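Okay, thanks everyone for coming. Let me put the model up, and then I'll walk you through the inside of it.

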Amino acid sequence: MAGVWGALLGFSRAFSLAVGLLGESTVLMVPPHRFLVPREELDSAMRNAEHVFFLRDYERVRGFEPEGVVVDVGAYLGFYSVRASRRSEAVVAVEANPLACRYLEVNLRLNSARRAKPVCVAVDREGDARTFYVAARMVNSSLLREYVEDFSELRAAVRVPAVTLEELLELVGVEEVDLLKVDVEGAEARVLEGGRRLFERGVFERVVVEVHPPYSTAREVAELLGPRYRSLALAESSAPNQVFVYAERVA
């Protein structure tokens with residue numbers, strides 16, 4: 001009975017949070033999951049869901065399935081965080097866009113992703129606060145204005161709290177991470193720069209980064225990870241602005 005009441009309470013909280021979003025939202029079904037998404041973002045959301053659940057671009061290299069403690073930097077509407085929560089011990093879902101983070105929180109609750117914790121901050125090379133550029137296609141929002149203007153249209157510039165990767169782990173009380181996933185629309189190098197000491201100590205067992213040339217490059221990412229990590233880059237000619245870097249800690 002306690003489990004039933006807990007589930008009902010979780011749904012009630014998700015419903016309450018979602019009420020303010022419903023007029024501008026629709027539901028995207030990815031069985032057995034369901035996601036509340038902005039109606040005008042539906043096409044981008046469908047592509048991202050395909051990216052996560054069907055193409056499994058973050059898992060194309062064997063051994064990079066999400067498990068243990070997962071940190072998802074650039075969680076968007078929560079697709080990867082929800083997928084990771086099904087088999088992981090804990091998921092830290094980080095999203096800088098304030099509106100996207102509201103949807104992220106709703107979607108974690110709607111999918112009973114109790115092991116996932118949403119954190120509404122930007123991750124950058126330094127902490128404090130940053131200007132975050134919100135794109136007309138929300139999926140293309142970024143810390144880089146030029147990225148937004150190249151791939152979408154700038155809708156708003158908002159100030160958001162920012163932490164370094166090292167500060168993020170301190171904030172959530174995590175000392176060791178089994179998998180770090182980074183997808184931040186061109187600001188990948190900036191995120192990794194704020195975690196240099198973590199990479200030197202080998203805090204992350206595995207790292208997967210979606211790199212967006214020319215704003216960041218696979219070589220730059222590998223150099224920032226440093227000698228404690230063995231890296232592999234996967235690129236396709238059909239997607240020149242997208243490279244996946246997979247890295248694992250070496251002894």
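So, to start: how do the residues of the lining of the largest cavity divide into nonpolar, polar and charged? They come out as 20 nonpolar, six polar and five charged. For those classes, Ala, Val, Leu, Ile, Met, Phe, Trp, Tyr, Cys and Pro count as nonpolar, Asp, Glu, Lys and Arg as charged, and the others, Gly among them, as polar.

Quick housekeeping. This is a predicted model, where local features need pLDDT of at least 70 and side-chain atom pairs count only at pLDDT 80 or more, while totals for chains, interfaces and linings use all residues. Residues are numbered from 1 along each chain as its sequence is written, and side-chain values use heavy atoms, with hydrogens and water left out.

Back to that cavity. Its space is about 320 Å³, and of the 31 lining residues, Gly74, Ala75, Glu95, Asp183 and Val184 are the closest to its centre. H2 gives the most to this lining, three residues. By cavity I mean grid points, on a 1 Å grid over the protein atoms alone, where a 1.4 Å probe fits but cannot get out; a pocket is an open set with protein on both sides within 12 Å along at least five of seven lines, and lining residues have an atom within 4 Å of a point. Points are joined across faces, edges and corners, and a volume is the space filled by probe spheres set on them.

Now the largest pocket, at about 650 Å³. It has 21 lining residues, and Arg47, Val139, Asn140, Glu210 and Gln242 sit closest to its centre. Helix H2 (42–54) turns up here as well, giving the most to the pocket lining with five residues. This lining splits into six nonpolar, eight polar and seven charged.

On to the strands. S9 (residues 177–182) has five of its six residues buried, meaning under 20% relative accessible area with a 1.4 Å probe, protein chains only. S9 runs parallel to S3 (residues 68–73), with four bridges, and Val71 has Leu180 as its bridge partner. S9 also pairs in the parallel sense with S10 (residues 204–211), over five bridges; there, Val177 partners Phe204. Pairing needs at least two DSSP bridges.

Last, the whole chain: nine helices and 12 strands, taken as DSSP runs (H or I, at least four residues; E, at least two) numbered from the N terminus.

Conventions:
Buried < 20%, exposed > 50% of the residue type's maximum accessible area, 1.4 Å probe, protein only.
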